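Have a look at the model first, and then we can walk through it together.

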Amino acid sequence: GLFYPDRTPHTGALQMRNVYRPLRARHTRANSFAFLNTNRFRSSSYITIKWTVLKNGVVIKGGELNPDIAPKAERVFRLDLPKINQDYEYHINFDYYVDDEKIAGEQIALNEVYTKFMRKNCTDISVSDEGTKLVVQFSNGKAEFDFETGDFINYEFNGKKLFNSSPVGARTFMPNIFRAMTDNDAPVIGKKWLSNGYDKYVCKLQDVKYSLEYNEAEVETTFMLMNGNKKLFEVEIEYTIKGNGTIKVKAEIEPCRFFVEDDLARFGVMLEMPHEFKNIEYFGLGEYENLPDFKAQSRVGIYTTTVDEMHEPYIYPQDNGNRGETRWMKITDEKGNGILFCNSKGNFSFSAHHYTQKLLNAAKHQEDLHDEGTTVISIDGYIRGAGTASCGEDALKPYRFSAKNGLKFRFSILPITEDSAE
């Protein structure tokens with residue numbers, strides 16, 4: 001069903017509302033938009049269109065239309081849009097109202113560009129081998145890597161530890177290829193994931209290399225994802241650390257054997273922060289959870305939420321709360337200290353919970369989930385669509401991805417404080 005037992009709609013119902021919308025907009029040219037009335041026997045005169053233009057996720061202009069479009073007909077309207085600066089992202093939202101009730105909505109991208117974050121660099125950086133760990137000192141902070149495991153174990157800025165020093169999941173900043181199976185994963189692809197042991201793989205360190213050149217420290221870690229003695233994938237995570245604390249992350253994955261299932265749930269990294277980091281602001285698809293083929297209910301904008309609010313309480317616990325097409329996301333404590341994650345040559349997806357993926361995967365009822373005293377962040381460069389395999393077809397090909405020939409993605413992290421300009 002599309003509603004929970006208490007009759008509140010979950011995101012499937014919200015998607016359906018927009019898929020069944022009575023008007024459909026398309027951008028014809030410049031300031032002109034065509035609207036198709038999908039009603040078969042009724043004019044659209046009963047609908048009011050409220051439009052808003054967003055610049056980098058912030059509303060800068062809006063207006064209203066009262067269209068009178070014949071059934072199954074299309075009509076073009078010219079809107080008084082602001083001038084488009086090609087250095088910024090612009091989107092236009094169309095919300096459809098009957099009297100004072102919003103019945104549906106949609107969004108059209110007017111200009112999409114790569115969002116860049118610039119912070120003044122400095123040359124205050126050093127690298128030291130302290131036996132069991134590698135320490136990279138930068139201005140007002142440090143990053144630490146465990147030589148035995150390859151884990152990125154500590155990220156500290158202005159004396160504030162930004163990673164959980166005792167992660168519930170035992171390790172942090174680890175590659176992730178699995179998700180707690182959704183209702184649509186289980187019937188087909190989920191069986192393949194389980195037969196390959198993707199739900200219980202371990203990351204074994206192969207190598208750690210580091211260098212300091214041109215006022216940047218580079219740390220390269222290589223892992224083997226294994227199920228018992230079976231090698232599944234080789235993953236390389238490379239960190240480029242600047243003197244201002246900015247860290248560029250590049251993650252790559254390659255299959256070890258040709259018969260390994262390459263149709264994955266995701267490819268990303270998982271990390272843990274202390275529980276107090278629970279306030280989230282992001283520029284991406286929201287305000288509701290979404291996936292590549294499940295996003296009609298969402299639109300690009302800037303949203304604020306909390307880790308608790310990102311949880312979607314499906315009757316049978318499963319992967320939830322994903323936010324896609326994210327340009328940047330920051331998670332902070334009550335004082336504004338935290339981490340800014342930002343895209344690099346491609347948007348990312350993320351989710352945040354106060355419980356681990358291990359607990360979610362084992363849960364059979366909502367009562368099995370509980371706050372584990374940590375904040376688990378997933379940053380994914382690739383994520384599989386939802387599909388409809390529980391009662392129909394699996395995710396369509398455009399919403400799946402293959403690791404057969406390897407995959408890679410990049411993102412950056414920046415430490416932020418209550419005084420940060422970002």
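Ser351 is buried, because its relative accessible area is 5% and buried means under 20% (1.4 Å probe, protein chains only). This is a predicted model, in which local features need pLDDT of at least 70 and side-chain atom pairs count only at pLDDT 80 or more, while totals for chains, interfaces and linings use all residues. Residues are numbered from 1 along each chain as its sequence is written, and side-chain values use heavy atoms, with hydrogens and water left out.

**Around Ser351**
- Ser351 sits in strand β24 (residues 348-353); strands are DSSP runs of E, at least two residues, and helices are runs of H or I, at least four, numbered from the N terminus.
- Leaving aside residues up to four places away in sequence, Ser351 touches residues including Arg266, Met310, Asn320 and Val376, where contact means heavy atoms within 4.5 Å.

**The largest pocket**
- The largest pocket has a volume of about 890 Å³; a pocket is an open set of points on a 1 Å grid over the protein atoms alone, where a 1.4 Å probe fits, with protein on both sides within 12 Å along at least five of seven lines.
- Volume is the space filled by probe spheres set on the points, joined across faces, edges and corners.
- Its lining has 35 residues, where lining residues have an atom within 4 Å of a point.

**The second largest pocket**
- The second largest pocket holds about 700 Å³ of space.
- Among the 25 residues that line the second largest pocket, Gly169, Tyr201, Met270, Gln357 and Lys358 are closest to its centre.
- Helix α3 gives the most to this lining, with 4 residues.

Terms used
Buried < 20%, exposed > 50% of the residue type's maximum accessible area, 1.4 Å probe, protein only.
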